[in-house]
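I opened this entry to keep track of what I looked up, one item at a time. The interface comes ahead of the single residues.

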Amino acid sequence: MDLLTFKLILVLALFLLSLTIAAYSTWAERKVASIMQDRIGPNRAGPFGLLQPLADGGKFFFKEDFTPANAERFLFVLGPALVMFISLITGAVIPWGKSLNIGGTSFDLQVANIDVGVLFIIGMASIGVYGIMIGGWASNNKYSLLGAIRASSQMISYELAMGLALLSIIMMTGSLDLKQITESQTTGKLWGVIPWISGMNWNIFYQPIAFLIFFVAALAETNRHPFDLPECESELVTGYSTEYSSMKLGLYMFGEYVNMFISNAFMVVLFFGGYNYPGIEWITQHWGENTAGILSIAAFLLKTIIGILIFMWIRWTLPRFRYDQLMHLGWKTLIPMALVNLLITGAVILAFAN
Amino acid sequence: MKLTNRSKVVSNKEMTLAEKIYLPAIFTGMGITFKHAVRTVLKGAPAVYSYPEVQKPRAEIWRGQHVLKRDEEGRERCTACGLCAVACPAEAITMTAAERTKEERDLYREEKYASVYEINMLRCIFCGMCEEACPKSAIYLTDRLVDVETNRGSFIYGKDKLVEKINERIDITERQSEKQKNAVK
């Protein structure tokens, strides 16, 4: 098998995986919500309501697709498409597993191994704002516009904290390459003290504060609770998506779940060792490359899914922030914290490098 | 002046550091939801009815759709006196009285009967005053739900829907008081 065939298969697999996980996130979200609220949740469509995403999708397609008379038609359609497109394309640079050996050739499980993977994801996340902004503006509705403005200002403010938290990781690794960031978490003694275990040298143990900042920023970036102010029903009807109906609304909602999946995957790469798991090198040597590769994919997905579940857990626990509190938290707390963390990281690296 | 002991004095005090960090409160909250989640997963959802299969039990004295009773011999008890209509606070009941003929002796118990008896189920508030007002123990509220209809006209229930069928008598003894039970005789 040549490289191109493998990459095409990988692209298709990733596409399907992202969509499946996003679809089942909607199911899981409702299940998680229900068990936390002493309810049962979806249980009609299929066993345990497992066909619920299909039913929802079907319903979305058959609803009336209404476009307001004064909406800017082209942009109105472009908005949701952009959100979905951006969410899906970011998966390309994430290393989903170690490597697979097919027919004597070793293939990396990463669609595009570019040197600036981190920048690519951050950049794409910023463009994701456009989807919301365009949609809100094209609706020609004050509520939508207000929702879109809130969404974009929130995302832009939290991107700063996110980028600063990321910088400390980049400083530690010395690279913007996501593959290299993952590799750097494979070997080494933890804090230089704890005995050597392969695949457990995760960044979270070195950068807990950066993780906290990044986590909060990721919640805000994906418009998840407690930062889902663009959609607050009480003040803004439903924010930027007020005028949307049918599958266009579906794409917005679905895009959010794909986003959540990708941002959790990103978080796993940066802080939780990516596809690494305890004993990964031993397994590679003794059980072969393919076993290690498949296990690494499973480990990666497991970590990502746990992340998604934690996002949901937070959603169904916390009330929303007020908008000024949200801005205060972003600008007055997270950004200074990230800066101080960056300073300390720099000092420590400098001290130990010499 | 204090009306109750529940009022609280509003304070604008600054938040303490622990409150400003938010995290302790957040973790407490997440602990609570997690406890609920574990309990629901292990023991099933408390106080939830899977509706179409399991119906929520109604109270014994729950007031539902009306019935016009017949007596032991199958004769309609209603004598069209109109006391129920007078007692009805929503003015949902209307009726027309008629005199029975000799041939109708085994159809109606009293000499006068209701040739038309209508209750507007959209107006009815199911208060049970008609039941209390009836001197002949003819009208009762049952434990049945009023059917769903698609137009307003169908909600005006006539005798065809109100009078109990001779073969399907509706048992309302559970909701009758001792006084009512004695009054039936």
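**Interface of chains A and B**

I began with polar contacts across the interface of chain A and chain B, and the rule finds 8 residue pairs, both residues at pLDDT 80 or more. I note here that the model is predicted.

The size of an interface is often given as the accessible area lost when the parts come together. For chain A and chain B I have about 1,400 Å² buried between them. Carbon and sulfur atoms carry 71% of that area.

Then I went through the salt bridges. Across the interface of chain A and chain B the rule finds 2. I wrote down the one between Asp38(A) and Arg39(B). Their closest N and O atoms are 3.1 Å apart.

**Hairpin in chain A**

I turned to strands β1 (residues 97–102) and β2 (residues 105–109) of chain A. In which sense do they pair? The pairing is antiparallel, over 5 bridges. Ser99(A) stands opposite Asp108(A) in β2(A). Ile102(A) stands opposite Thr105(A) in β2(A).

β1(A) and β2(A) make a hairpin, with 2 residues between them.

Ser246(A) is one of them, at about 55 degrees. I placed Ser246(A) in helix α9 (residues 246–271) of chain A. Buried or exposed? Ser246(A) counts as buried, because its relative accessibility is 7% and the cut-off for buried is under 20%.

In chain B I noted Ala80(B), which is not a glycine and has a positive phi of about 55 degrees. Ala80(B) sits in the loop between β1 (66–68) and α3 (83–87) of chain B. I read 6% relative accessibility for Ala80(B), so it counts as buried.

I looked up Thr182(A) in helix α6 (residues 178–184) of chain A. Its relative accessible area is 0%, so I filed Thr182(A) as buried. What does Thr182(A) touch, leaving out residues up to four places away in sequence? The list is Pro95(A), Val269(A), Gly273(A), Gly274(A), Tyr275(A) and Asn276(A).

My last stop was His286(A), in helix α10 (residues 280–287) of chain A. His286(A) has a relative accessible area of 49%, so I put it down as partly exposed; over 50% would be exposed. I also took a C-alpha separation from His286(A) to Thr304(A), which are 18 residues apart along the chain. The two C-alpha atoms are separated by 27 Å.

Technical notes: Residues are numbered from 1 along each chain as its sequence is written. Chains are lettered from A and ligands numbered from 1 in the order in which they are written. This is a predicted model: local features need pLDDT of at least 70, side-chain atom pairs count only at pLDDT 80 or more; totals for chains, interfaces and linings use all residues. Side-chain values use heavy atoms; hydrogens and water are left out. Two strands pair if DSSP finds at least two bridges between them. Helices (H or I, at least four residues) and strands (E, at least two) are DSSP runs, numbered from the N terminus. Buried area is the accessible area (1.4 Å probe) that two parts lose on being put together, summed over both. A salt bridge is a side-chain nitrogen of Lys or Arg within 4 Å of a carboxyl oxygen of Asp or Glu. A polar contact is a pair of N or O atoms within 3.5 Å; within protein, one must be able to donate a hydrogen and the other to accept it, and residues adjacent in sequence count only if both atoms are side-chain atoms. Buried means under 20% relative accessible area, exposed over 50%, partly exposed in between (1.4 Å probe, protein chains only). Contact means heavy atoms within 4.5 Å.
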